[in-house]
Amino acid sequence: MPLRAPAGWYNNAVADKYYTTFRSTSMDSGNSSFLEAYDFAWYRTVRVIYSEYHSPASINREFTIFNNRAGTTLKSTAKGRGILEGTRAAVTAFDALY
């Protein structure tokens, strides 16, 4: 648990647009396991990104490393794809805002 919560950069129309668009346009959007994992990944990702300490470049670099290392394993299940897509949506939303 962090000492203080991140700024609510994810509580606006732009971030919400990315959240709903990525969530509904995936080929797995009808799968409840995918949706559960997507929501979990979005929630966890937006709450560890601090707009005053992180830059879009550093967040994109970390996501690329995560995707390259764990992506091949995660892509094999609906839950794994949900984790990747939820994380990607949060990173893309942050990138669009900053």
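Biologist: At roughly what angle do the axes of helix α2 and helix α4 cross?

Modeller: Roughly 35 degrees, and the axes come within 7 Å. Helix α2 covers residues 32–46 and helix α4 covers residues 78–97. Axes here are lines fitted to C-alpha atoms, for helices over the stretch in contact, with angles running from 0 to 180 degrees between N-to-C directions. Helices are DSSP runs (H or I, at least four residues), numbered from the N terminus. One caution: this is a predicted model, where local features need pLDDT of at least 70 and side-chain atom pairs count only at pLDDT 80 or more, while totals for chains, interfaces and linings use all residues. Residues are numbered from 1 along each chain as its sequence is written, and side-chain values use heavy atoms, with hydrogens and water left out.

Biologist: Is that crossing left-handed or right-handed?

Modeller: The crossing of α2 and α4 is right-handed, meaning the near helix is turned clockwise from the far one by less than a right angle.

Biologist: Which residues in α2 meet α4?

Modeller: Among them are F34, Y38, W42 and V46 in α2, and the α4 side includes I83, T87 and V91. Contact means heavy atoms within 4.5 Å. By class, the contact has twelve nonpolar, five polar and four charged residues. For those classes, Ala, Val, Leu, Ile, Met, Phe, Trp, Tyr, Cys and Pro count as nonpolar, Asp, Glu, Lys and Arg as charged, and the others, Gly among them, as polar.

Biologist: OK, the core next. Which members of the largest nonpolar core touch the most others?

Modeller: W9, Y10, Y38, W42 and V46, out of 19 residues. A nonpolar core is a set of buried Ala, Val, Leu, Ile, Met, Phe, Trp, Tyr and Cys residues joined through side-chain atoms within 4.5 Å. Buried means under 20% relative accessible area, exposed over 50%, partly exposed in between (1.4 Å probe, protein chains only).

Biologist: And which helix gives the most to this core?

Modeller: That's α4, with six residues. Helices α1, α2, α3 and α4 each supply at least two.

Biologist: What does Y10 touch?

Modeller: Not counting residues up to four places away in sequence, Y10 touches A15, W42, V46 and R47.

Biologist: Switching topic: how many aromatic pairs are there?

Modeller: Nine. Rings of Phe, Tyr and Trp (its six-membered ring) pair if their centres lie within 6.5 Å; planes under 30 degrees apart count as stacked, over 60 as edge-to-face and the rest as tilted. Take Y18 and F22: the ring centres are 6.3 Å apart and the planes sit at 45 degrees, so that pair is tilted. Both lie in helix α1, four residues apart, about one turn of the helix.

Biologist: Why is the pair of F63 and F66 called tilted?

Modeller: The planes of F63 and F66 are at 50 degrees, with centres 6.3 Å apart, so the pair counts as tilted. These two are in helix α3, three residues apart. F63 is buried at 9% relative accessibility, whereas F66 is partly exposed at 30%.

Biologist: Which residues do ring pairs link into a cluster?

Modeller: W9, Y10, F94 and Y98.

Biologist: Last one: N67, buried or exposed?

Modeller: N67 is buried, with a relative accessible area of 17%. N67 sits in helix α3 and, leaving aside neighbours within four places in sequence, is in contact with T72, K75, L84 and R88.
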